[in-house]
Amino acid sequence: MAASRHNINKFRRKPTLNIGIIIFGVIFIYLVISVIIYATSEKTVIYEVYDGSLSVDHSFTGFIVREEQVVNAAYSGTVNYFLKNNHRAGKNTIIYSIDETGRVAEKIKQESSGEFSEDGLIKIREQLFTLTKSYDPSSFSDVYAAADSLNGSIFELRSDSIVENLDSFAKETDNVDFFHKIKAPESGLVVYYTDGYERFTENELDPELFEKAGNSSKNLQTDSIINVNDPAYKLITSDTWYIYIQLDETQAARLADSKSVNISFADDDINCRAGFEIINAGGASYGKIKMTKYLPGFSTKRYVTVELEQQTITGLKIPSSSIFRKNSYAIPRRCMSKSGAFVIKKYDSNGKEYLESVIPTIYYSDKDNYYVSMKDFQSGQIITIADSQEVFTVGIIQELDGVYCVNRGYAVFKAVTVIDKNSEYCIIEKGTDYGLATYDHIVLDYRTVKESELIE
């Protein structure tokens with residue numbers, strides 16, 4: 001009997017299926033997948049429309065146009081200038097001289113290195129005293145302006161003395177026939193820089209022009225030798241000058257009725273009011289700012305940064321990211337019947353004509369047209385006009401700015417009219433038919449939904 005205990009065999013229990021663990025695993029996998037989908041999908045964010053304002057301070061690259069003419073040299077030889085750059089000259093004022101032999105030019109050089117008169121030294125001392133008293137260590141750039149001013153004064157003192165003796169220099173060197181004093185043909189501002197835009201006209205306005213703000217100008221005073229027909233100087237003959245700025249559609253519409261604007265030059269600390277009008281050239285709009293002051297400070301500049309005074313634009317304020325463009329059919333207002341429907345000609349399978357009324361989704365309207373959803377009509381359909389033999393053929397497509405409104409729980413397109421905008425927000429016209437109103441709810445980013453999509 002004892003030996004029989006060694007013959008006992010143990011049987012392993014077969015594993016049983018645990019339904020609870022399976023259900024838990026399925027739920028866990030579902031939750032993980034749901035979290036991943038939620039985290040990676042675009043969220044539909046709703047924005048509430050409200051009344052607001054937009055402070056607009058537009059900065060523009062301005063292109064300067066003046067009444068200017070480049071005067072070329074009539075002789076070849078050594079050139080000496082006697083009038084300071086950006087200095088006003090009267091008619092017959094001696095601007096420069098040309099020495100064909102160089103003998104008078106050498107005499108001028110010797111005279112330029114001579115000592116100042118007592119009166120000249122007094123003037124320089126007074127200017128240095130004034131500059132010292134007004135020096136501000138926090139504005140070191142003023143030092144360069146002061147140096148230019150002082151150099152200009154020294155140049156004038158020497159030039160005045162030299163000009164008085166030019167004729168005697170020519171006689172002393174026996175060079176009367178080969179020495180030429182060049183005088184201004186008329187009064188104006190003398191400038192020794194050229195850039196190729198001196199003959200520019202409004203008809204040449206082009207968007208690419210405003211991308212060349214780094215254009216270079218040539219200093220005509222750097223060369224001591226001049227040849228016949230080389231540019232010698234530039235004469236600006238009028239104190240009236242113009243600044244052209246490029247405008248987009250919104251800016252042009254906002255400024256359309258403006259006859260003058262408040263402008264500022266940030267780099268020059270100048271604020272003023274100037275005449276204004278809009279010019280159209282080559283399909284683009286440009287602002288033309290008329291200036292009658294400050295010419296000397298801008299006579300050597302072709303491009304300038306100008307800011308139009310800050311203006312507060314009011315209306316409905318919405319994010320720029322909510323606005324997109326949508327096509328619509330433009331249908332004349334006279335086509336709508338008194339019941340608010342459009343009557344379309346149709347044909348049955350036997351070719352028999354019949355009429356069908358369609359009440360469309362109207363996105364927008366103006367004094368001439370209704371702009372309706374393209375889902376309500378087909379291109380080429382014929383709309384009859386009540387009390388008239390006239391008909392209208394559907395087919396004119398118009399792009400509209402708009403947003404998705406979700407007041408009803410699903411995305412509905414609403415057209416908007418943008419008054420002004422910046423990089424983040426737009427101000428749209430308030431009180432338009434079929435448009436938005438205060439407290440409407442719109443989609444913050446139009447790309448996250450489709451039209452008629454249910455918003456959860």
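Select Ser452, which sits in the segment after strand E29 (441-443). The model is predicted. Look at the backbone of Ser452: its phi is near 75°, a positive value in a residue other than glycine. Most residues other than glycine have a negative phi.

Asn86 is in the loop between strand E4 (77-81) and strand E5 (87-89). Its phi is positive, about 70°, although Asn86 is not a glycine. Is Asn86 buried or exposed, or partly exposed? With a relative accessible area of 24%, Asn86 is partly exposed.

From this loop, step back into strand E4 (77-81). E4 belongs to an open sheet of four strands, and the order to trace is E7-E6-E4-E11, with antiparallel pairing. Which strands are at the edges? They are E7 and strand E11 (225-226), each of which pairs on one side only. Strands of a sheet pair through backbone hydrogen bonds, so showing these is a direct way to follow the order. Between E4 and E11, which run antiparallel, there are two bridges. To find the place, select Thr78 and look across to Ile225 in E11, which stands opposite.

Next, move to the other edge strand, E7. Select Asn175, in the loop between helix H5 (166-172) and strand E7 (179-183). Asn175 has a relative accessible area of 0% and is therefore buried, the limit for that class being under 20%. What does Asn175 touch, leaving aside residues up to four places away in sequence? The contacts are Asp99, Thr101, Arg103, Val104 and Ala170. Show these side chains together with Asn175, then draw a distance from Asn175 to Asp99. Their C-alpha atoms are separated by 8.4 Å, while the two residues are 76 apart along the chain.

For the last stop, select helix H1 (residues 19-40), where Tyr30 lies. Tyr30 counts as exposed because its relative accessibility is 57%, and exposed means over 50%.

Conventions:
Residues numbered from 1 in each chain as written. Predicted model: local features only at pLDDT ≥ 70, side-chain atom pairs only at ≥ 80, totals over all residues. Heavy atoms only, no water. Buried < 20%, exposed > 50% of the residue type's maximum accessible area, 1.4 Å probe, protein only. Contact = heavy atoms within 4.5 Å. Pairing = 2+ DSSP bridges.
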